[in-house]
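Hi there,

Here is the structure I promised to pass on to you.

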Amino acid sequence: MSEEVLVDVAGLLEDEYARAILVNTSSEPMSATELAERCDASPPTIYRRIDRLREHDLVESEQELDPDGHHYEVFVANLERVTIELGDDGFEVEIERQTDPADRFTSLFEELR
């Protein structure tokens, strides 16, 4: 991981709103409106953090259909684990993202070949 990406991701994880978005969307998809209420933040603040989280593939979006037939976007955390190890050459950071079960099966099958 490049030094620049490390600094960006560390800055995101330091931000209270970004952390709250990750925590709240780790158990269920949520709309920006729901996140604004849960995080006690304005919608523009939530959207700015979501944009930054998306840049690093830490949050994904999905389309939901409400009972009136309208579509709206919900967000779900894609982050599973961040590991930081100190070695002789400095810090090594690994970000593990959640993967779709079908993608995991495909990867496993490819490794067996």
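Predicted model: local features only at pLDDT ≥ 70, side-chain atom pairs only at ≥ 80, totals over all residues.

Let's start with helix 3, which covers residues 32-39. Which of its residues are buried? They are Ala-32, Leu-35, Ala-36 and Cys-39. These residues lie on the same side of helix 3, because they cover an arc of only 105 degrees around the axis. Turn to the other side of helix 3 and you will find Thr-33, Glu-37 and Arg-38, which are exposed. The buried residues pack against helix 2 (16-25), strand 1 (30-31), helix 4 (43-55) and strand 3 (71-77). After helix 3 comes Asp-40, with a positive phi near 55 degrees.

Next, the largest nonpolar core, which has 20 residues. Ile-21, Leu-22, Leu-35, Ile-46, Leu-53 and Leu-58 have the most contacts inside it. Helix 3 gives the most to this core, with four residues. For Leu-58, if you leave out residues up to four places away in sequence, the residues it touches include Leu-12, Leu-22, Leu-53 and Val-76.

Finally, have a look at Val-82 in strand 4 (residues 79-87). Val-82 counts as partly exposed because its relative accessibility is 33%, and the range for that class runs between 20% and 50%. Leaving aside neighbours within four places in sequence, Val-82 is in contact with Leu-13, Val-93, Glu-94 and Ile-95. Val-82 and Arg-97 are 15 residues apart in sequence, with 8.8 Å from C-alpha to C-alpha.

Enjoy exploring!

Best wishes

Conventions
Residues numbered from 1 in each chain as written. Heavy atoms only, no water. Buried < 20%, exposed > 50% of the residue type's maximum accessible area, 1.4 Å probe, protein only. Helix = DSSP H or I, 4+ residues; strand = E, 2+ residues; numbered from the N terminus. Arc of directions from axis to C-beta. Contact = heavy atoms within 4.5 Å. Core = buried A, V, L, I, M, F, W, Y, C linked by side-chain atoms within 4.5 Å.
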